[in-house]
Amino acid sequence: MSVTVRVPAKVNVQLGVGGLRADGFHDLANVFFAVALGDEVTATAGTGVTLSCSGPDAAVVPLDDSNLAARAARLLAAHHGIADPGVHLHIAKAIPVAGGMAGGSADGAAALVACDALWGLGTPLDTLLELAAELGSDVPFALVGGVALGRGRGEILEALPVGGTFHWVFAVADGGLSTPAVFRECDRLRDEAGTGFGDTDVATPDADPALLAALADGDVVALAGALANDLQPAALSLRPALADTLRAGTEAGALGALVSGSGPTCAFLAKDADAAAAVAAALRASGTCRAAHATYGPVPGAAVSARG
Ligand code: C5P
């Protein structure tokens, strides 16, 4: 028997970053947006928890217990008192690795759903969300999908209304960026600018009302104008060449451009599917990225797509 779960990548249409907390995290106003570009995780009965991976980036995906999919399987088993879990998880990887699109988090969420179905556990969504938050700040969103405001470190979610489909292009860079390193660089840049970086210096961020209205209205021009990522200066500081990628997409007609999450993937908002295809083709020809994918959203979160 096997269970396949499809899970979306995310882009942050707003990533407001507050000060550094005592626990090493930052308070966020994080507007997550789930896109159709996604991974598939297939769970089959096995001995112990084992992983395999396919796709263009398979060689750089860790197949040990540092992979969130393996940690998710073990966490779900432990929660149900299963001492000796048996599952093989195959990850069909399309989400860029260490790209700022929460690909590892997506696989963790998918593994929770896949193992829950394979083992016939029927775990309530609220419990899955708690386990997801233990795994990482972005994992709960991959369970729910759509568009949501994430507060706290990003794990406290509130679904947001969206009035239409938006068309995106993602430009994948060579190599990844470490999320902790990008947050550290954000703190360093704030310190250097003399504005302070602790949570007593930096105001707790809030969602931008203009951005929320643009989403609710399905207004792509307004959304493009409201895109904002407080981690972008840090990602550009660590990877200055990303400025060329952002410029290439904008010159090709994208309405809006920003670094996705902690980067280095760059995200472009296009007027419609045809414009997205044209921006993707121009980015591929520009030589400023390794690959470019046109996609759309919002789409639902991790869900069973096939059983064998
Ligand atoms: O929660 P997750 O394990 O995905 O976070 C990875 C790292 O990103 C954290 O260890 C921290 O350095 C940084 N982070 C942060 N503030 C957040 C989320 C993540 O500083 N809200």
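The structure holds one cavity of 30 Å³ or more. A cavity here is a set of points, on a 1 Å grid over the protein atoms alone, where a 1.4 Å probe fits but cannot get out. The largest cavity comes in at about 30 Å³, a volume being the space filled by probe spheres set on grid points joined across faces, edges and corners. This is a predicted model, in which local features need pLDDT of at least 70 and side-chain atom pairs count only at pLDDT 80 or more, while totals for chains, interfaces and linings use all residues. Numbering runs from 1 along each chain as its sequence is written, and side-chain values use heavy atoms, with hydrogens and water left out.

Which residues line the largest cavity? They are Pro8, Ala9, Lys10, Ala102, Ser105, Ala106, Asp138, Phe141 and Ala142, where a lining residue has an atom within 4 Å of a point. Strand E1, helix H2 and helix H4 (139-144) each give two or more residues to that lining; helices (H or I, at least four residues) and strands (E, at least two) are DSSP runs numbered from the N terminus. E1 has the largest share, with three residues. Sorted by class, the cavity lining has six nonpolar, one polar and two charged residues. In this sorting Ala, Val, Leu, Ile, Met, Phe, Trp, Tyr, Cys and Pro are nonpolar, Asp, Glu, Lys and Arg are charged, and the others, Gly among them, are polar.

## The annotated active site

Where does UniProt put the "active site" feature? The unreviewed entry places it at Lys10 and Asp138. Lys10 itself sits in strand E1. UniProt positions follow the numbering used here, with feature names shortened, and annotations may be inferred rather than shown by experiment.

## The largest pocket

Now for the open space: the largest pocket has a volume of about 1,000 Å³. A pocket is an open set of points with protein on both sides within 12 Å along at least five of seven lines. Its lining takes 42 residues, and Leu68, Ser105, Asp138, Thr179 and Pro180 lie nearest the pocket's centre. Strands E1 (2-20) and E2 (26-44), along with helices H1 (68-79), H2 (103-118) and H5 (179-192), are the elements that give two or more residues to this lining.

Which element gives the most to the pocket lining? That's H5, with five residues. By class, the pocket lining has 17 nonpolar, 17 polar and eight charged residues. At least three lining residues come from each of domain 1 (2-161 + 300-307) and domain 2 (166-297), with bounds from an automatic or database domain assignment.

## Around the ligand

The ligand is surrounded by Gly24, Phe25, His26, Leu28, Gly136, Ser137, Arg153, Thr179, Pro180 and Phe183, going by a heavy atom within 4 Å.

Some of these residues make polar contacts, meaning pairs of N or O atoms within 3.5 Å. The side chain of Ser137 has an N or O atom 2.5 Å from an oxygen atom of the ligand. A polar backbone atom of Arg153 is 3.0 Å from a ligand nitrogen, and a backbone N or O atom of Gly24 is 3.5 Å from a ligand oxygen.

## UniProt domains

The unreviewed UniProt entry lists "GHMP kinase N-terminal" at residues 67-146. That span is 56% helix and 8% strand, with its end C-alpha atoms 24 Å apart.

For "GHMP kinase C-terminal", the entry lists residues 212-287. Here the chain is 58% helix and 14% strand, and the end C-alpha atoms lie 34 Å apart.

Most residues other than glycine have a negative phi, and most peptide bonds are trans. Against that background, the bond from Gly263 to Pro264 is cis, with omega near 5 degrees; Pro264 is in the loop between strands E9 (256-259) and E10 (266-270). The bond from Gly297 to Pro298 is also cis, with omega near 0 degrees, and Pro298 is in the loop between strands E11 (291-297) and E12 (303-307).

Then there's Ala98, a non-glycine residue with a positive phi, near 50 degrees. Look for Ala98 in the loop between strand E4 (87-92) and H2.

Definitions and conventions. Polar contact = N/O pair within 3.5 Å; in protein donor to acceptor, adjacent residues only side chain to side chain.
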